2 protein chains.
Amino acid sequence: MSHQPHERVDIALAERSYPILIGPHLLEDDALLSEHVHARNLLIVTNETIAPLYLRPLETALKQRRIASVVLPDGEQYKTLETLSLIFDALIHERMNRDAAVIALGGGVIGDMAGFAAACYQRGIDFIQVPTTLLAQVDSSVGGKTAVNHPSAKNMIGAFHQPRCVIADTDTLHTLPEREYRAGIAEIVKYGLIYDPAFFAWLEANVEPLLGRVDTAVIHAVRRSCEIKAEVVGVDEREHGLRAILNLGHTFGHAIETASGYGNWLHGEAVAAGMVMAVDLSERLGWLPSEDKARAIDLLRRFNLPVEPPRIGAERARELMGLDKKVLDGKLRLVLLRSLGKADVVGDYSGEAFAATMRTHFDTVA
Amino acid sequence: MSHQPHERVDIALAERSYPILIGPHLLEDDALLSEHVHARNLLIVTNETIAPLYLRPLETALKQRRIASVVLPDGEQYKTLETLSLIFDALIHERMNRDAAVIALGGGVIGDMAGFAAACYQRGIDFIQVPTTLLAQVDSSVGGKTAVNHPSAKNMIGAFHQPRCVIADTDTLHTLPEREYRAGIAEIVKYGLIYDPAFFAWLEANVEPLLGRVDTAVIHAVRRSCEIKAEVVGVDEREHGLRAILNLGHTFGHAIETASGYGNWLHGEAVAAGMVMAVDLSERLGWLPSEDKARAIDLLRRFNLPVEPPRIGAERARELMGLDKKVLDGKLRLVLLRSLGKADVVGDYSGEAFAATMRTHFDTVA
């Protein structure tokens, strides 16, 4: 198959710039792959769920190269240094050199691990993202953050390593379980909340086609999400400032994920509940009108996303948030909304308002 | 103790520039440390050999900061992902944030691991090198290469991560075992061979004071070595070209180290024998006059360094060299000498001359 029509978003990072290609059937598109995958030696990193579906078609489309693959167990609980070793073992076993590239075929966990392996192998080789989940297509495959988890904290060990390109084949979303698909939508809603009121309104008007995975709606949502992420990352690649707004809901969300054990709450689900808390705090601080808070909660609910965290207790949650990367010097900085479509990283909010949000959402009602 | 007289070499890498401070008693110099160590939260990474000697003095000089330390087992065989985990565990346990810094107190193994941990922890925090071996002071602590070993190949997993400063306390060299001290001299000889005929001649004239560890001689040798490394790294931080000349003797040396099992040959010893092979091949190719080859071998011998590798067999050695990071596309590029004081990375040398060098040095005489 060759040259499918597709959309393109460019991430502008000087010599590390790269394109995101979005459209159906792209991972079978040998002409497109030839144009964007330059290495002749490739290691495809994927998992047990994705391999039976997409490994063979991708290998076929990448003909005339030397291709090896490593199939990892599926799940966030395997996003560890131990699993990372399996990728290094494969690279060494296949005698891959500095001119080789790693291809991440899968969701966020695969992308994070394959990217981190590529960042470290021989101190850095190329890598290419072929995200197969909605979450990965709109978020984790873009922006160059890679990592594995530490047993006591997520994404603690990693690197900034930009891919050479991202190939987001929207056809792969048709095999995605409903719950995972919806979890990906949480990050799409996030882009509207932090950056683009018009996109937020478009989402409100397109809940049905998105839930129905209608191509045109999905492609627009993925493209606009990538554009927003591209703009933010282009300004602040290494998260010294603006980039942190992409973490709306994530500090609360990390506490939820950690307390529940990795994998019991999907990342996007935890982010959805976390965003509700961020929105709640933004309202308490007098920044966000209550009708906008209601719109945010309503949209998440229409996408069947959780709008309340589990009752893990405010104290326990606070403790878990203490290890978050966004803590500077013991001061918990949070992403909050100044208004719908405008986020800010804030450290000087009222402690009382924060405590109220924590109690309201995490404590068991007496 | 405050502000010892010291020499300073600057590594010019734009926003990643940093100073190397060289002199006696620097790690007890609280004024100097205050000036150069900015983080208030510090994790000192050291090993069982170094900790009893220098950990307390360094902690004392770093007063008024929050200091934790992790003491690793001593030896190249521990330069692994598993040991690296211990550093991450300590950083997490101490709740170190992005504003924390890692201090490497020890030799090359400690510097490589602590630096790599700092490169990865929360995707990169500051680190500071306090090298306590001659090898680390003249080579591994400068230039930003960090790594751990894979069971089947050295330094395969790592990152480029520049330190904020290097504090080379030449007093620590007085506790260094003779064999390790001499192994460090191999890298000093290397700088003369690849870059500076005058420095090579100075070394020929100063064998006795250097072996006697006379302060003035040691400080000059460390400073000039760092200057040369700084110039080379300043031109080519990521080893796309010139920087590779710093690997003179290392491709042969890696084969020696791997075949002998890590730790049986010291790195500097393997490099010494490897440099003799590079010099031998350079002479066979008609580039290096035989009298210069003789000078190189003679100088290494006067420093009591090995000038012959173990007889591991040319075939086995070739196989081991096949995994070296300097192999591009199956073509073995080597650092060779165009003349004494001028190195080049070469891929188009005669295969026959290469085979002759391999046979002469690695095969058992029939």
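Analyst: A salt bridge here is a side-chain nitrogen of Lys or Arg within 4 Å of a carboxyl oxygen of Asp or Glu. The model is predicted, so local features need pLDDT of at least 70 and side-chain atom pairs count only at pLDDT 80 or more, whereas totals for chains, interfaces and linings use all residues. Residues are numbered from 1 along each chain as its sequence is written, chains are lettered from A and ligands numbered from 1 in the order in which they are written, and side-chain values use heavy atoms, with hydrogens and water left out.

Over all chains, the structure holds 58 salt bridges. In one of them, A:Glu239 and A:Lys145 meet through their side chains at 2.4 Å, N to O. A:Glu239 lies in the loop between helix H9 (215-235) and helix H10 (250-260) of chain A, while A:Lys145 belongs to strand S7 of chain A, so this pair ties together parts that are 94 residues apart in sequence. (Helices, H or I with at least four residues, and strands, E with at least two, are DSSP runs numbered from the N terminus.) A:Glu239 counts as buried because its relative accessibility is 9%, and A:Lys145 is buried as well, with a relative accessible area of 18%. (Buried means under 20% relative accessible area, exposed over 50%, and partly exposed in between, with a 1.4 Å probe and protein chains only.)

A:Lys154 and A:Glu257 form another salt bridge, at 2.8 Å from N to O. This pair also links distant parts of the chain: A:Lys154 is in strand S8 (residues 153-160) of chain A and A:Glu257 in helix H10 of chain A, 103 residues apart. Both A:Lys154 and A:Glu257 are buried.

A local pair is found in chain B. The closest N and O atoms of the salt bridge between B:Arg295 and B:Asp292 are 3.8 Å apart. The two residues B:Arg295 and B:Asp292 lie in helix H12 (residues 290-302) of chain B, three residues apart, about one turn of the helix. B:Arg295 is partly exposed because its relative accessible area is 31%, whereas B:Asp292, at 14%, is buried. Elsewhere, salt bridges that share partners join A:Glu7, A:Asp196, A:Arg223, A:Arg224 and A:Glu227 into one network.

The contact (heavy atoms within 4.5 Å) takes 38 residues from chain A and 38 residues from chain B. About 3400 Å² is buried between the two chains, and carbon and sulfur atoms give 51% of that area; buried area is the accessible area (1.4 Å probe) that two parts lose on being put together, summed over both. The rule finds two salt bridges across this interface. B:Glu239 and A:Arg98 meet in a salt bridge through their side chains, with N to O at 3.6 Å. Between chain B and chain A, eight residue pairs are in polar contact, with both residues at pLDDT 80 or more. On the side of chain B that touches chain A, helix H3 (81-93), helix H4 (108-120), strand S7 (145-150) and strand S8 (153-160) of chain B each supply at least two residues. S8(B) gives the most to that side, with seven residues.

A:Asn149 is found in strand S7 (residues 145-150) of chain A. With a relative accessibility of 5%, A:Asn149 counts as buried. Its side chain reaches the backbone nitrogen of A:Asn155 at 2.8 Å. This is a polar contact, defined as a pair of N or O atoms within 3.5 Å; within protein, one must be able to donate a hydrogen and the other to accept it, and residues adjacent in sequence count only if both atoms are side-chain atoms.

In helix H4 of chain A (residues 108-120), 13 of its 13 residues are buried, and A:Gln122, which follows H4(A), has a positive phi near 50 degrees. Helix H11 (residues 267-284) of chain B is mostly covered, with 16 of its 18 residues buried. H11(B) is followed by B:Gly286, whose phi is positive, near 85 degrees.

B:Ile11 lies in strand S1 (residues 7-11) of chain B and is buried at a relative accessible area of 1%. B:Val37 sits in the loop between helix H1 (30-36) and strand S3 (41-47) of chain B and counts as buried at 2% relative accessibility.
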